[in-house]
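User: I would like to go through the terms used for this structure one by one. Please set each value against its cut-off.

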Amino acid sequence: MKNIDTVAQMILESKCSFAFTGAGISLESGIPTFRGKAGLWNRYNPNILDIDYFYNNPKDAWEGIKEIFYDYWNKAMPNKAHYLLADMEKNNLLNGIITQNIDNLHQKAGNKEVYEFHGTLNTLHCVECMKKYDAKDVSEKLPFRCDECGGLVKPDFVFFGEGIPELAYQKSIEAASKADLFIVIGTTGEVMPACSIPVLAKRNGAKIIEINPEKSTFTDTITDVYIKGKAAEVAEKLYELNLLKEIW
Ligand code: OAD
């Protein structure tokens, strides 16, 4: 695989590295991406994740949300790429992960330092009384309403039209200011402000490694070393390299 040795060397030499991940890293865990031929937006109306649409059409929005996120995604397991990042963190080869994903698979794999830029599907809250709920509480009767006050219950992930969770945003900016290496995996880089984070890292002197079977908005602009490939397959190759095996 082209560039794999270079990437392993860059990881070993880095003093402060972060991964920046998108939907592509979870594809091999059975979770569909948003864009592209088999992407969710070819099957669902993206409006169901628009905050105004959600409040105005809660039943319709919740039917899509439950089908996409709660009937299926929550059961997915991490793949080799998630485990590679967890092993890297355990062995001090990775400082943390900034993820646009809401699927919790980095934490399931064992990563501790994870900044969820778009929130999480694991928890929800009532928009009226703020009562907290877990993913397992999602009701069959839709829309999901609070059992205390009857208010609408909303997942704690970021809808279109909502702000980024403050702590995740601050931590991501901090990471982009101090990193000497960013490993960008499985994202088109089309969604703002998430896509500004690797650009900021580059501007602050980080080298950018990118892993993606298709070029993204980053590839010909900020990427230093591009590996064209699927995340889990590239991870497998990195596991096979003696260079990294010495540490693991
Ligand atoms: P997209 O669905 O836009 O892009 C998926 C990316 O993964 C593409 O660049 C693919 O080429 C790449 N890809 C596909 N298969 C892959 C594989 N096996 N290994 C590695 N990469 C692969 O997903 P994101 O860029 O993450 O926001 O989308 C960003 C945001 O848009 C999401 O967080 C979501 C969505 O609207 C919110 O929900 C707020």
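Analyst: We start with accessibility. Buried means under 20% relative accessible area, exposed means over 50%, and partly exposed is in between, using a 1.4 Å probe and protein chains only. This is a predicted model: local features need pLDDT of at least 70, side-chain atom pairs count only at pLDDT 80 or more, and totals for chains, interfaces and linings use all residues. Residues are numbered from 1 along each chain as its sequence is written, and side-chain values use heavy atoms, with hydrogens and water left out.

User: Why is asparagine 3 called partly exposed?

Analyst: Its relative accessibility is 26%, so asparagine 3 counts as partly exposed. Asparagine 3 lies in the segment before α1 (4-13). Helices are DSSP runs of H or I with at least four residues, strands are runs of E with at least two, and both are numbered from the N terminus.

User: What makes the phi of asparagine 3 worth a remark?

Analyst: Phi is near 75° there, a positive value in a residue other than glycine. Asparagine 92 also has a positive phi, about 60°, and is not a glycine.

User: Is asparagine 92 buried or exposed?

Analyst: Asparagine 92 has 70% relative accessibility, so it counts as exposed. It is found in the loop between α4 (80-90) and β2 (96-99).

User: Why is lysine 154 called buried?

Analyst: Its relative accessible area is 3%, so lysine 154 is buried. Lysine 154 is part of strand β6 (residues 153-157).

User: Which residues does lysine 154 contact, leaving aside neighbours within four places in sequence?

Analyst: Contact means heavy atoms within 4.5 Å. With those neighbours left aside, the partners of lysine 154 include Ile51, Phe54, Leu124 and Glu162.

User: How do you know that lysine 154 and glutamate 162 make a polar contact?

Analyst: A polar contact is a pair of N or O atoms within 3.5 Å; within protein, one must be able to donate a hydrogen and the other to accept it, and residues adjacent in sequence count only if both atoms are side-chain atoms. The side chains of lysine 154 and glutamate 162 make such a contact at 3.3 Å.

User: What joins threonine 223 to glutamate 210?

Analyst: A polar contact of 2.7 Å joins their side chains. Threonine 223 sits in the loop between β8 (207-211) and β9 (225-227). Its relative accessible area is 14%, so threonine 223 is buried.

User: Why is tyrosine 169 called partly exposed?

Analyst: Tyrosine 169 has 34% relative accessibility, so it counts as partly exposed. Tyrosine 169 lies in helix α6 (residues 166-178). Leaving aside neighbours within four places in sequence, tyrosine 169 is in contact with Phe117, Ile164 and Pro193.

User: Where is proline 193 found?

Analyst: Proline 193 is in the loop between β7 (181-185) and α7 (196-203). The peptide bond from methionine 192 to proline 193 is cis, with omega near -5°. The bond from leucine 142 to proline 143 is cis too, with omega near 0°.
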